Amino acid sequence: MGSLQNERAKTNIKLFIMSVSKLGYQIYMSEVRTRVTNDIVKKLRHESEPTTQIVMNEITRRWNSLPDYSREHYKRKATK
């Protein structure tokens, strides 16, 4: 029975880490969304706003290119 409890504890820890990571991404997204939208408008010289999908794809690309220590900053903010 101890083995089953250990496995459940490991699963709970993994789920917590995944949720903190997701929350960190959400904080990052809320902080950079306007800037990313403006960057896309300037880059593409659009008169209108880019679609949500284009903005989200760029935010995700930027998040994935962040160094680990920068992502950790947002993950720590998520746990506060």
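Student: How many salt bridges are there by the rule?

Tutor: Before counting, keep in mind that this is a predicted model. Side chains of opposite charge can pair when their charged atoms come close. The rule asks for a side-chain nitrogen of Lys or Arg within 4 Å of a carboxyl oxygen of Asp or Glu, and by this rule the number of salt bridges is 5.

Student: Lysine 77 forms a salt bridge with glutamate 31; how many residues apart in sequence are the parts that this pair ties together?

Tutor: The closest N and O atoms of lysine 77 and glutamate 31 are 2.5 Å apart. Lysine 77 belongs to helix α3 (residues 68–79), whereas glutamate 31 belongs to helix α1 (residues 2–44), so the parts that the pair ties together are separated in sequence by 46 residues.

Student: Is glutamate 31 buried, partly exposed or exposed?

Tutor: Buried means under 20% relative accessible area and exposed means over 50%, with partly exposed in between. Glutamate 31 has a relative accessible area of 38%, so the word for this residue is partly exposed.

Student: Which helix holds arginine 62, the residue that pairs with aspartate 39?

Tutor: The side chains of aspartate 39 and arginine 62 meet in a salt bridge, at 3.1 Å from N to O. This pair links distant parts of the chain, 23 residues apart, with aspartate 39 in helix α1 and arginine 62 in helix α2.

Student: Which residues are linked with Asp39 and Arg62 in a network of salt bridges?

Tutor: Aspartate 39, at 28% relative accessibility, counts as partly exposed. The network of salt bridges that includes Asp39 and Arg62 also links Glu58 and Arg61.

Student: Turning to the rings, how is the pair of tyrosine 25 and tryptophan 63 described: stacked, tilted or edge-to-face?

Tutor: The structure holds 4 aromatic pairs. For tyrosine 25 and tryptophan 63, the ring centres are 5.6 Å apart and the planes stand at 80°, so the pair is edge-to-face.

Student: Is tryptophan 63 buried or exposed, and which residue has its charged end over the ring of tryptophan 63?

Tutor: Tryptophan 63 has a relative accessible area of 7%, so this residue is buried. Over the ring of tryptophan 63, at 5.9 Å from the ring centre, sits the charged end of arginine 71.

Methods: Residues are numbered from 1 along each chain as its sequence is written. This is a predicted model: local features need pLDDT of at least 70, side-chain atom pairs count only at pLDDT 80 or more; totals for chains, interfaces and linings use all residues. Side-chain values use heavy atoms; hydrogens and water are left out. Helices (H or I, at least four residues) and strands (E, at least two) are DSSP runs, numbered from the N terminus. Buried means under 20% relative accessible area, exposed over 50%, partly exposed in between (1.4 Å probe, protein chains only). Rings of Phe, Tyr and Trp (its six-membered ring) pair if their centres lie within 6.5 Å; planes under 30 degrees apart count as stacked, over 60 as edge-to-face and the rest as tilted. A charge sits over a ring if NZ of Lys or CZ of Arg is within 6 Å of the ring centre and within 35 degrees of the ring normal.
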